[in-house]
Amino acid sequence: MRHEPEQSDDDLMRLTANGDQGAFRLLVERWENPVQNFMARMLGDADDALDLSQESFLRLWSTAGRYRPSGRFRSWLFRIAGNLARSRLRRRRILRWVRLDLAQHDLPAPDLDSERALEREETQAIMRRAISRLPDRQRQAILLRRYQGMSYREVAGALGCSVPAVESLLQRAMVALRRDLEGKVGRP
Amino acid sequence: MSQGNDHVEEKILPCLDGELSPAEAEAVRAHCRTCEACGQAYADMEALVGRLDADRDTAACTPLWPLISERLASRREPIFRLRFSLAAGAAALAGLFAGILLDTSPSPSPTWQQETWTEVGTLLTEQPNTTLDSIYLSAIENGENGS
């Protein structure tokens, strides 16, 4: 079957649910960058991010029949991705606990040589580390809102909670970030 | 939202994110213009939002389709193999029964089916020239004697 690039996500999901791999491929190509970026920021590890991004799409394929087309595809996709990421983070914590590794390297951000790095890159690295230290749900909410540009309603759909709960998560996350960044990045 | 102690800090972020109605957003901004604490909180939050938004991802990532299509194919393969094996087995059985049904004429020499049954019976009982039907009959006899 021929697919048009302008076909909506809902249309492509309907076709995917019927086993149409061409439609599924279009969905993958349309959303692979946002999903990989989200995973990279959630997990702080490129290999894990690549692995779980693939897994997210494979889950999307296998659950396509359960999707109800209502224009909320992005929330559906990032709910799958978020659940996988949180599950991987939980597993990492358990493994670290089992190994009695108390080093705080939950989400290592890439190290930058501060002498050579540009100031903007330094600031970004500091911000990324600060985000990586947020609790999982707060981090997920921040990433979906700020980096994926989702509305509070969409974030609520992806997290499986209410809009006021999203407001509260974001508020707490921003306050924590502001505290964490105090003194590390210059006041504008 | 009045001035004084009725601060609006928790509404600043939704206001900056465009999640409030125009009237609500204007009320928040109006309060922040006159309340020093909320005004400072508004400025801080606006700066932080600006920093985060400036750090959006723009780099292209690894193309996933080749990896995903490969994994989809490998997931499908075991089912395909199973189906193929079942189909092949069913066809072999059908062929065997068709051969037995069609081969009804008496023949001076034992048919290949009889030879096969004898070989299987010999293997099972380790006694020469034992056919499967003789094993079956002796089993029935033993069962009758036992009851």
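Predicted model: local features only at pLDDT ≥ 70, side-chain atom pairs only at ≥ 80, totals over all residues.
User: What does the secondary structure of chain B come to?
Analyst: Chain B has six helices and zero strands. Along the sequence the pattern reads α-α-α-α-α-α.

User: And how much of chain B counts as buried?
Analyst: 12% of its 147 residues.

User: What share of the contacts in chain B comes from residues 24 or more positions apart?
Analyst: They account for 36%, taken over contacts in chain B with a separation of 6 or more.

User: Switching to the interface. How many residues of chain B are in contact with chain A?
Analyst: On the chain B side there are 24 residues, in contact with 25 residues of chain A.

User: Which elements of chain B give two or more residues to that side?
Analyst: Helix H1 (9-16), helix H3 (36-54) and helix H4 (65-102) of chain B do. H3(B) gives the most, with seven residues.

User: How do the residues on that side divide by type?
Analyst: The side of chain B that touches chain A has 14 nonpolar residues, nine charged and one polar.

User: New topic: how many residues are in the largest nonpolar core?
Analyst: That core has 61 residues. Those with the most contacts inside the core are A:Met39, A:Leu77, A:Ala81, A:Ala141 and A:Val155.

User: Which helix gives the largest share of this core?
Analyst: Helix H2 (residues 21-43) of chain A, with 12 residues.

User: What does A:Met39 touch, leaving out residues up to four places away in sequence?
Analyst: A:Met39 touches A:Ala49, A:Leu52, A:Ser53, A:Ala81 and A:Ala85. One of these, A:Ala81, is also among the residues with the most contacts inside the core.

Conventions:
Residues numbered from 1 in each chain as written. Chains lettered and ligands numbered in written order. Contact = placed C-beta atoms within 7 Å. Helix = DSSP H or I, 4+ residues; strand = E, 2+ residues; numbered from the N terminus. Nonpolar A, V, L, I, M, F, W, Y, C, P; charged D, E, K, R; others polar. Buried ≥ 20, exposed ≤ 12 C-beta atoms within 10 Å, placed from the backbone. Core = buried A, V, L, I, M, F, W, Y, C linked by C-beta atoms within 7 Å.
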